[in-house]
Amino acid sequence: MPTVVSIFDRPSDVAKAVRKLRDRGHDQLTTYSPAPFTEVEDAEDPKPSKVRIFTLIGGLLGLVTGFAIQIWMSLDWPLKIGGKAYASIPAYVIVGFELTILFGGLATFLGLMLVGRLAPGRLDKAYSKRFSAEEFGVAVDCKDSDVAEIDALMRAHTAKEVHVVQA
Amino acid sequence: MSSAQSAIEKVRPGRLPQPLTSILAALLAVGVAAFAYGLSSDPQVTWLAFHTNFIYFAALSNGALILLCAFVIVGAKWPGPLRHIAEGLAAWVPISFLLGCVGYFGGDYLFEWLREGAVHGKEAWLNAPRFYITDLGVLAALGLLAMVFLKTTSRPLLGGGAADSMTGFAKRMADGWTTNWRGDREEIEAAHAKLAKLSPVIVILFAMGFSVFIFDQVMSMEQTWYSNLFGAFVSWGGILSAVAAISLMSVLHRNSEAIGSGITEERLHDIGKMMFAFSIFWMYLFFSQYLVIWYGNLPEETQFFLDRLGPQFLNDKGFTPIEWALSWSDWNFSWERFDQNYAWLSMVVWACCWLIPFWVLLGEKPKKTPWILGPVAVVVLLGFWLERNLLIWPSVIKQVNTLYLGPIPILIALGFFGAFGLVFLFYTRVFPSFAAEEEN
């Protein structure tokens, strides 16, 4: 399946082009931009990212780990402190809370890498280093027969160049 | 909204909506009558109810003022017309100074140290002259600065013929406020410059002064108890209740002629996020205080929580055999103990101020849905009203834990609500009234 990659200078042009593409039924698209722009995001209207599942699982794992590790340690080597119970919950909230954030954050990072296909493995075929500098990209996965149509459409929407990469 | 800075907003004067104004006025009258009657029948309860509502609305309106200052300091453009709602809430700040003066006459019923003298070692701080000069001074300074702030921010909205349709008092005020009119652009720039200087002053005064005010007015009611964090904790409650009031008013005004078009889904989302985040910080402040007091387990510190949370969150289990320690889950919890002290009230406050706003507003959809955001805001506002009761009543009345819900306290609270509503309506409808972007 070929991927048509077009390159733009301005986010507003990207937003317009993406809207047009979606109107024509080309939903298999990805945008690349050097910084987040709400107008591009609104136009693309993506499904909620899968990264948040990583965050949830990581956070819950951190919470459980934080409490479990403290309760286990305090029962394994009981020390009487301040007349409190060996495993006393209020004191453990802080570590539980912090590990929730730590594990949640690390899991989010991992999720970002995996879902965004940044690592491990090779980068997207359509990606170019220019998209991390100052230019915007729109990559559309389409049928061979649609390449010409999309090419024309993108050029009509002020794409400064359009090329095709084979997946 | 990249053009927000250069957009020209003008007031849209209107009339006080009926029958709402009459209802609020009636509530105010009932409240004043209940207060007058209560002074003769049960002055203790009456003054406690007055004090609670005075603190609640003073903290709420000051919180709104601080939010406005924060918007100026960070150059926030997202609030749009929500700013005008906050201004309407902040209009109460000068009135809280007047109410503080009224409170002077109830001091003996509220403060043990004022009635019987301060405990040994605290005489230098807890004495009537120092107390009233500091606290009324802080309220007066905040009230004055609030008036300057509101006048500065309203002036550019009033000129250029926007106030022509006003009549009577409002017209005279508008004419007085717009003397030496230099034109829209110049006025907007002059107001920006002045607010940029004024806002940090207000914020610093609030941070230092309002903390001391809360130490004096709320903490010293239990004169042997102390907590450094308490001033910040209660002030934060004020800021959070202001955010909740702004959310509720935004939801209620989403179809308003003047500002309804500016109350977009995105703005509801933003103010909802703010309420969500601020409730977490409120919980965080509470827990920071609770944890060290629970851990330290010192009688002069735990007494405050014991009166409010009841015994089971402060149990000192003492030395016990290791078998007991291994059954760590045996918390010794029983529902009956919630009937002691003000424990049930504490649970309700906890639910209203953190549990509900946190779990309900966690997702994106609920924040954008007026029918969810509005009720949550009501819950938070009610929760903070109960929280103020919880902070104030147990310091004086320890045996009975339901007096704060008696007829006189409720009527006084309604009176305060009526007065606050009237001030808000007057500010947002008559003078200077809501402002909206000019269409031309």
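User: Is B:Tyr132 buried or exposed?
Analyst: In this predicted model, B:Tyr132 has 13% relative accessibility and therefore counts as buried, the cut-off being under 20%.

User: Where does B:Tyr132 lie, and what is B:Tyr132 in contact with?
Analyst: B:Tyr132 belongs to helix 7 of chain B. Once neighbours within four places in sequence are set aside, its contacts are B:Gly103, B:Tyr104, B:Gly107, B:Leu114 and B:Gly137.

User: By what distance are the C-alpha atoms of B:Tyr132 and B:Tyr37 separated?
Analyst: The two C-alpha atoms are separated by 26 Å, and B:Tyr132 and B:Tyr37 are 95 residues apart along the chain.

User: How do the axes of helix 4 and helix 7 of chain B cross?
Analyst: The axis of helix 4 of chain B (residues 93-103) comes within 7 Å of the axis of helix 7 of chain B (residues 128-158), and the two cross at roughly 160 degrees. Helix 4 of chain B is therefore roughly antiparallel to helix 7 of chain B, since angles over 145 degrees count as such. Their crossing is left-handed.

User: Which residues meet there?
Analyst: From helix 4 of chain B come B:Val93, B:Pro94, B:Ser96, B:Phe97, B:Gly100, B:Cys101 and B:Gly103. On the side of helix 7 of chain B they meet B:Tyr132, B:Leu136, B:Leu139, B:Ala140, B:Leu142, B:Gly143, B:Ala146 and B:Met147. The residues of this contact of helix 4 with helix 7 of chain B comprise eleven nonpolar, four polar and no charged.

User: Turning to helix 3 of chain B, how does it pack with helix 10 of chain B?
Analyst: Helix 3 of chain B (residues 82-90) and helix 10 of chain B (residues 230-252) have axes 10 Å apart and pack at an angle of about 120 degrees. The two helices are therefore oblique to each other, and their crossing is right-handed. In this contact B:Leu82, B:Ile85, B:Ala86 and B:Leu89 of helix 3 of chain B meet B:Ala242, B:Ala245, B:Ile246, B:Met249 and B:Ser250 of helix 10 of chain B. Eight of the residues in the contact of helix 3 with helix 10 of chain B are nonpolar, one is polar and none is charged.

User: And with helix 17 of chain B, at what angle does helix 3 of chain B pack?
Analyst: The angle is about 135 degrees, and the axes of helix 3 of chain B and helix 17 of chain B (residues 407-430) are 8 Å apart. Helix 3 of chain B is thus oblique to helix 17 of chain B. This crossing is right-handed. The contact involves B:Ile85, B:Glu87, B:Gly88 and B:Leu89 of helix 3 of chain B, together with B:Phe420, B:Phe424, B:Tyr427 and B:Thr428 of helix 17 of chain B. The residues of the contact of helix 3 with helix 17 of chain B divide into five nonpolar, two polar and one charged.

User: Why is helix 10 of chain B described as largely enclosed?
Analyst: Of the 23 residues of helix 10 of chain B, 21 are buried, so the rest of the structure largely encloses this helix. Its end C-alpha atoms are 33 Å apart, which agrees with the 33 Å that 23 residues should span at 1.5 Å a residue.

User: How many residues of helix 2 of chain B are buried?
Analyst: Helix 2 of chain B is mostly covered, with 27 of its 32 residues buried. This helix (residues 43-74) reaches 46 Å from its first C-alpha to its last, close to the 46 Å expected at 1.5 Å a residue. B:Gly75 follows helix 2 of chain B and has a positive phi, near 70 degrees.

User: What follows helix 1 of chain A?
Analyst: Helix 1 of chain A is followed by A:Gly25, which has a positive phi, near 90 degrees. Helix 1 of chain A itself (residues 11-23) has 13 residues and reaches 18 Å between its first and last C-alpha, close to the 18 Å expected.

User: Which residues of helix 1 of chain A are buried, and what covers them?
Analyst: The buried residues in helix 1 of chain A are A:Pro11, A:Asp13, A:Val14, A:Ala15, A:Ala17, A:Val18 and A:Leu21. What covers the buried residues of this helix includes strand 1 (2-8), strand 2 (29-32), helix 2 (38-44), strand 3 (136-141) and helix 5 (147-156) of chain A.

Conventions:
Residues numbered from 1 in each chain as written. Chains lettered and ligands numbered in written order. Predicted model: local features only at pLDDT ≥ 70, side-chain atom pairs only at ≥ 80, totals over all residues. Heavy atoms only, no water. Helix = DSSP H or I, 4+ residues; strand = E, 2+ residues; numbered from the N terminus. Expected span 1.5 Å × (residues − 1). Buried < 20%, exposed > 50% of the residue type's maximum accessible area, 1.4 Å probe, protein only. Contact = heavy atoms within 4.5 Å. Axes fitted to C-alpha atoms, helices over the stretch in contact; angles between N-to-C directions. Parallel < 35°, antiparallel > 145°, perpendicular 65-115°, else oblique. Left-handed = near helix turned anticlockwise from the far one by under 90°. Nonpolar A, V, L, I, M, F, W, Y, C, P; charged D, E, K, R; others polar.
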